[in-house]
Amino acid sequence: MSPITLLGAIDPGLVTFLSPELASRMQFGWTISVHIIFASLSIGLAPFIIYFTWKDVRTNERRYARLRSFWVKVFAAGFVMGTVTGIPMSFQFGTNFPQFAEVAGELIGGPLAFEAKMAFFLEAVFLGVLLYGRDRVKDRTYVISSVLVGFGAWLSGFWILIVNAWMQTPRGYEMVTRNGMEIAKLTDPFAAFFTPRMPWMYVHMMNASVISVALLVAGVSAYIVWKKPDAEAWNTALKLAVVLLIVSAPFQAVHGDAYGRHVADTQPQKFAAMEAHYETGQADLHLLAVPKSPEALTDPRAENLVTVSLPAVGSFLASGGDFDAEVIGLNEYDENPPVALVFWSFRFMVGLGFLFIGLALWGGFLMYRGRLADSTRYLKAMIAASPFGYAALLTGWYVTEIGRQPWVIQGELKTSEAVSSTLTGAEATLTLVAFVVLYVGLMLTALYILKWLVREELRSLGVRESSGGRWHGPIPWVSSDD
Amino acid sequence: MTDTLLPVDAYLVESLPEIWFGAVLFALGMYVVLDGFDFGIGMLYATRTDERERETFLAAFGPVWDANEVWVVAFGTMLLAAFPRVYSRLLADNYLLALGFVVALVFRGLGPELREQRDDERWKRYTDYAFISGSVFAPLLLGMLAGRWLFGEATLPVALTGVGLVAVSIVTGAAFLAAKTEPGLASELRAYGIGATVAYLGGVVVLLGTVVLTDGGGAADAVLSLPVAAVVALSVTVGLSGSVLARRGRYRAWLASALALPTLLTVLVAILLYPTIYPPTGLLVREAVVSPLALNLVTVLGFPVLVLVLWYFKFLYGVFSGPIEGEGYEG
């Protein structure tokens, strides 16, 4: 008997637990939120790592060796975090959502196993070489190792998103009874893997990872350049990150617009939740939404808002050009996702996306003028913006995953039916609390490592702790005062 | 398209479900062997107080543990792909054990990673605690999970399986380190290794004896069989001859025989399971397996990759073969 149940036995009023379903959903949501930060760090850093390694080996210039060494260390720390947070993910399908694992096993088991075998191993093995093997392998093998690590990260995303896309737009299966249970039997592997959602999701997520990491690289570079303007390597890195941002940020907006239409076609309920659109008919587009009161922010229906809206533009966007198009409203459904979360997450993501475009254009303008590193204002803006790529990435995923509720497999299996029937509220709450505590510690540790690496880098560049201006911003890892 | 490439209603070969039963246990075996010696390194690390010796241990652990750990993901996902019901029941029925195990892995993986980040005695002590406790609890809880898989609710056999995995991890960890470090340290390590070998072999005998006497989890009949007796006899032979090799200072040969112990343990698990795959409910391999098309698909796409993965490991261990150099963990 665990201490908690003992406590409950003494006085049931002492402890109240979350329901197994709610605790499981919160736990999965929380653990995947932390994991995806590290997973997308690997994906987004991959092009940087490959480029720096190749340039280092090719040109033998010190600046590339410096950048390679720094970012490989970040990559490695992120990969360790990604591994230790990824293993709980692959277990939770079984521990918390066994009905889902059993119903969807034929469809999701293959891609998950391919992810482990084709991608995860590739990354883990060749990262060992990249980290410890510089003097042990030939130059060419070393560069190839960096390519394989990067390729592994992108391939990993490919298989995982096949699973997620299938949950959104399931195809290639039929429901049959096996061992007294309705399960999805694979009938067409090609249709099951390349579902309508898959290409949308893959492009959007890979590009989101690139944007997030470009902002991170730009922020770290801006900080170091600000402290030490003649740091050659970091001027290079800043330029590279801004160029990448100029390409990826506008692309994401254009792509996201088309993606939204695809969602309206394939998951109308989710689209309606994104716009808090209740009555079927013409839909407005809410450009800006301000809650009338603090309560309105958490209002599950996301009503009672002051909105700046473009009448009928929601219809225009959903249909791809028809202002009068009928958009299905949430009132048509018996059970809806938590509308407020989806509505606000969507606005947060889109708003940040436009901010990134602004930063990219500003950077492009400065670069054109040859003043990128001279503009203290721009450097500070990039330092402040460095974590927001991840904020946009996470809120984007909240739209996707929370917006799919109440379904775990759209139209086929509800999340409430997928939760373990043997799980108790006490067990689920206990592990939820444990994961929250553990992962908060883990995130703080990751930030600490980044901060430590930046400080070491500054030290090796000859910047004294006390010299120059100090950053008093909100982001802990870029301050040098400790 | 798929009709011509992949048969839909028949397995590629008649025995494909059994082959997959073997493949899933192969992945488990790879994990128990490879990450097993990582756990052993972590536990033996507790016996070292000298900073240089500790760094030598971490240098042996650093380049390989992450890749080794991926085998547990390979095991889990292959189990899900071929036998989804077993994956679901095994993890859902043993909720706290399974999540306890992954939490132990978090501590084990992060400890050494964080240790390097600060030059401070107290910091090092805490990160070392994480590394050591994770290295003890991960094999203990994984072993108990395997025990629950084999013996269901029978408490003593479940606990003994956990302890057995801890002991065998110490054996392989000691042998791995002995083969990679200088003679003075190696001779200290072999004392632990030999002690753990004796404890492990004794533990296996007591475990199987307990199962027979109490019919733990109804597995008594399975234990009293010729294959089980053969595996136990082979384990005793390998364990004892390995200890002799260790005493003679032939550490590479000792390592080879030490790695055979967790391999044989996995074979034992396979024998005790088959023809069921989830003894607590008596579920058979043939009942739990996915439909022919799904299994054919993961075979055609997955098996060539599995071969490739083995080649990666050969490459990785080739690059980092030989004695550990003086350099620290970060290389």
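Predicted model: local features only at pLDDT ≥ 70, side-chain atom pairs only at ≥ 80, totals over all residues.
Figure 1. A residue is buried if 20 or more other C-beta atoms lie within 10 Å of its own. On that count, 56% of the 331 residues of chain B are buried. The chain folds into 14 helices and two strands. Its radius of gyration is 20 Å, close to the 20 Å that the globule rule gives for 331 residues, so chain B is as compact as a globular protein of that length. The C-alpha trace of chain B spans about 60 × 50 × 35 Å along its principal axes. Take the contacts in chain B between residues at least 6 apart in sequence: 75% of them join residues at least 24 apart.

Figure 2. Is Ser169(B) buried or exposed? Ser169(B) has 33 C-beta neighbours inside 10 Å, and therefore counts as buried. The cut-off for buried is 20 or more. Leaving aside residues up to four places away in sequence, Ser169(B) touches Gly36(B), Phe37(B), Phe39(B), Gly40(B), Met43(B) and Pro139(B). A second pair gives a sense of distance across the chain. Ser169(B) and Phe303(B) lie 28 Å apart in space, C-alpha to C-alpha. In sequence, 134 residues separate Ser169(B) from Phe303(B).

**Figure 3. Elements and contacts of chain A.** Chain A holds 16 helices and six strands. Of its 482 residues, 50% count as buried. For contacts in chain A between residues at least 6 apart in sequence, 77% link residues at least 24 apart.

**Figure 4. Where chain A meets chain B.** In this view, 52 residues of chain A are in contact with 57 residues of chain B. Which elements of chain A each supply at least two residues of the side that touches chain B? They are helix H3 (62-95), helix H4 (98-132), strand S2 (181-186), helix H6 (189-193) and helix H16 (425-460). H4(A) gives the largest share of this side, 22 residues. By class, the side of chain A that touches chain B has 31 nonpolar residues. Another 14 are polar, and seven are charged.

Terms used
Residues numbered from 1 in each chain as written. Chains lettered and ligands numbered in written order. Contact = placed C-beta atoms within 7 Å. Helix = DSSP H or I, 4+ residues; strand = E, 2+ residues; numbered from the N terminus. Nonpolar A, V, L, I, M, F, W, Y, C, P; charged D, E, K, R; others polar. Buried ≥ 20, exposed ≤ 12 C-beta atoms within 10 Å, placed from the backbone. Rg over C-alpha atoms; globule rule 2.2 N^0.38 Å.
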